[in-house]
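Hi everyone, thanks for coming. Let's have the structure up on the screen before I say anything about it.

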Amino acid sequence: MTPDEACDLMDFWDAEPWPLTRDQVQQRAVEWFGWTVEVDDGVSYLMNTVSGFTIPDVSTIGSRGDLSYIALRVADTIRDVTRESRSFLGDAFALVVREGESRWGAPALSDREETQAAVWDTASGAQISFTLAPKGLRAMFKTPQGVRLDRKVDHW
């Protein structure tokens, strides 16, 4: 996925009229991105079948009906970590962060063990993040409800 595509996805979700349910999010993803929904044991799962990733699932997590998080891969999963794969993912992370900076300003950066993250708080009350790990590059959109939920849990 190009940096533009990854950031466009985050911009799309940020512009949505939250709160939305998992079903509403899945419907929008199918209509706007051409993604698919698969059902297993009566549970529907969103799949990014457009990007051609080995593992196409998109996590959609929520509570009490409203969605809190959308998490997806921005690059295919690396099976064997090598110098080349680290370089590839590192470059992809740098490019997506640069694109994010041009859209949303300077991110909050963190670097823990083998994981780096760039996080932006949006004007809508949501949060966008890109996380680099040895085996992959992921994006997360935290809805305004998800941000409030995390803040509430952090203050217990």
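I'll talk about some aromatic rings, and then about a pocket.

Quick ground rules: this is a predicted model, where local features need pLDDT of at least 70, side-chain atom pairs count only at pLDDT 80 or more, and totals for chains, interfaces and linings use all residues. Residues are numbered from 1 along each chain as its sequence is written, and side-chain values use heavy atoms, with hydrogens and water left out.

So, rings. Searching the whole structure turns up nine aromatic pairs; rings of Phe, Tyr and Trp (its six-membered ring) pair if their centres lie within 6.5 Å, and planes under 30 degrees apart are stacked, over 60 edge-to-face, the rest tilted. One of them is phenylalanine 12 with phenylalanine 33, edge-to-face, at 4.9 Å centre to centre and 70° between the planes. Phenylalanine 12 sits in helix 1 and phenylalanine 33 in helix 2 (residues 22-33), so this pair ties together parts 21 residues apart in sequence. Helices here are DSSP runs of H or I, at least four residues, numbered from the N terminus.

Then there's tryptophan 13 and tryptophan 18: their ring centres are 6.4 Å apart with planes at 45°, so that pair is tilted. Both tryptophan 13 and tryptophan 18 are buried, meaning under 20% relative accessible area with a 1.4 Å probe, protein chains only.

Phe12, Trp13, Trp18, Trp32, Phe33, Trp35 and Phe141 make one aromatic cluster.

Now, which residues line the second largest pocket? They're Met1, Glu5, Asp8, Leu9, Phe33, Trp35, Asn48, Val50 and Ser51. A pocket is an open set of points on a 1 Å grid over the protein atoms alone, where a 1.4 Å probe fits, with protein on both sides within 12 Å along at least five of seven lines; lining residues have an atom within 4 Å of a point. Helix 1 (residues 3-15) gives the largest share of that lining, three residues.

How values were computed: Helices (H or I, at least four residues) and strands (E, at least two) are DSSP runs, numbered from the N terminus. Buried means under 20% relative accessible area, exposed over 50%, partly exposed in between (1.4 Å probe, protein chains only).
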